[in-house]
Amino acid sequence: MEAEIQKFIKVWISAILGLSYCYYIAAKIPKGFFRLLSLLPILYILITFPFKISSPNLAGYTSFFLVWLATFKLILFSFNQGPLALSPPNVLHFISIASLPITPKPNTTTNKPKWLLPLKALIFAVIVAIHHNNQHLHPYLLLLLYCCHLYLGLEVVLAIVATPVRVIFGVEIESQFDEPYLSSSLQEFWGHRWNLMVSRILRPSIYDPVRRISTSFMDPSYAMLVAMFATFFVSGLMHELIYYYVIRVPPTWEVTCFFVLHGVCTVAEVATKKMVLRRRWRLHRLMSGLLVVAFLIVTANWLFFPQLLRNDMEKKCTEEYAIMINFFKSRLPLHVFKSSH
């Protein structure tokens, strides 16, 4: 594990150096084609970084942060769009915004209770512990645990990543999840509650351009639906790429099909909702929420999880959590343990 952590540190030091080049040199080039050209070497390097890491957890988060978020943000930055176009005041701020899933919001307060995140972290720890004896669990309970593992693991890790930025810059960071289990529609789940950093990046990079181009030769309402589907399709391809970094086996395209399916269903939902609302029909929020959660779980079991489970990723990831905890505990000064007795 020590060797993996050393590789991880080297990758991120290299990424920081590359993003420093973007701040000091590429930012001075006029926006447009030539700035994009100056960023191409950095984009290529970022795409290759996850291959240097073998750990599924570290490779997964590195590919998400650097290959998806950072590259999309830099492409937008080429045309003075996206979060980096707001002229971060210093290089540290620029690197944080470019490489981490954060959206600073000064003078913003949150209504979420402070105990909620620690509670989710505790539940996540319990789920990780249960995974060590999951051979005795019912398949339906296992499926529920996989869904909770995915959601809680992402939310806890992204919250931990955002904490140093909050402390250093003294700004409030927008939450990346807004209680997605409370969604009453697929549109609400994907657009307003689940992994919001991705939604904020896909809108200016995929949704808006596709909608603008489509509007030139079709009705604006249809252009919106085409742009929505294109966004899901690109998201599926990016998930397929992350799976490849993590699992290192040829793609099966199941996860792409998962997002294509959800794209089709979300488009159909939006179109149907417009027609239904005209007739003043409305499904009770509790019923629609249960249907959404059930649809997500069933389709995830069908298309999202199988490739991970076939390659024992849930077992490898949970074992890595335990190894990482023991590794860092072994590196703590002895007086930390002595003072506790």
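Which residues does the UniProt annotation "transmembrane region" cover? According to that unreviewed entry, the annotation takes in residues 7-26, 32-51, 58-79, 115-134, 140-162, 222-246 and 283-305. Please keep in mind that what you are looking at is a predicted model. The chain has 14 helices and 2 strands, and buried residues make up 46% of its 341 residues. Here is a friendly tour of some places to look.

**Overall layout**

- Among contacts in the chain with a separation of 6 or more, 74% are between residues 24 or more positions apart.
- The largest nonpolar core has 89 residues. Within this core, L74 and W190 have the most contacts.

**Two of the annotated spans**

- Residues 222-246, one of the spans that the UniProt entry labels "transmembrane region", are 100% helix and 0% strand.

**Aromatic pairs**

- The structure holds 26 aromatic pairs. One of them joins Y61 and F65, whose ring centres are 6.2 Å apart. With 50° between the planes, the Y61 and F65 pair is tilted.
- Y61 and F65 are both in helix α3 (residues 56-78), 4 residues apart, so about one helical turn separates them. An α-helix has 3.6 residues a turn, so residues three or four places apart point the same way.
- Y61 is buried, at 18% relative accessible area, and F65 is buried too, at 5%.
- Another pair to find is Y243 with F304: the ring centres are 5.8 Å apart, and because the planes meet at 75°, the pair is edge-to-face.
- The Y243 and F304 pair links distant parts of the chain, 61 residues apart. Y243 belongs to helix α9 (residues 220-247), and F304 to helix α11 (residues 285-304).
- Both partners count as buried, with a relative accessibility of 7% for Y243 and 9% for F304.

**Charges over rings**

- The charged end of K28 sits over the ring of Y23, at 5.9 Å from the ring centre.
- R35 lies over the face of F77, and here the distance to the ring centre is 4.7 Å.

**Around L74**

- L74, named above for its contacts in the core, touches L19, C22, L39, I42, L43, L46, L84 and F94 once neighbours within four places in sequence are set aside.

- Which residues of α7 are buried? They include L186, E188, F189, W190 and R193. W190 is also one of the residues with the most contacts inside the largest nonpolar core.
- N195 is in the loop between α7 (186-193) and α8 (196-215). Just after α7, N195 takes a positive phi of about 40°.
- Is N195 buried or exposed? Its relative accessibility is 11%, so N195 counts as buried.
- Leaving out residues up to four places away in sequence, N195 touches F64, L158, Q176 and F177.

**V292 in helix α11**

- V292 is found in helix α11, and it counts as buried at 7% relative accessibility.
- V292 and L182 are 110 residues apart along the chain, while their C-alpha atoms are separated by 9.4 Å.
- Apart from neighbours within four places in sequence, V292 is in contact with S183, S184, S185 and L186.

**Cysteines**

- How many disulfides does the structure hold? The number is 0.
- For C147, the nearest cysteine sulfur is that of C148, 6.8 Å away. A disulfide needs the two sulfur atoms within 2.5 Å, and C147 is in no disulfide.
- Likewise, C148 is in no disulfide, and the nearest cysteine sulfur to it is that of C147.
- C147 counts as buried, at 18% relative accessibility, whereas C148 is partly exposed, with a relative accessible area of 27%.

Note on methods
Residues numbered from 1 in each chain as written. Predicted model: local features only at pLDDT ≥ 70, side-chain atom pairs only at ≥ 80, totals over all residues. Heavy atoms only, no water. Buried < 20%, exposed > 50% of the residue type's maximum accessible area, 1.4 Å probe, protein only. UniProt positions renumbered as here; feature names shortened; annotations may be inferred. Phe/Tyr/Trp six-rings, centres within 6.5 Å; stacked < 30°, edge-to-face > 60°. Lys NZ or Arg CZ within 6 Å of the ring centre and 35° of its normal. Core = buried A, V, L, I, M, F, W, Y, C linked by side-chain atoms within 4.5 Å. Contact = heavy atoms within 4.5 Å.
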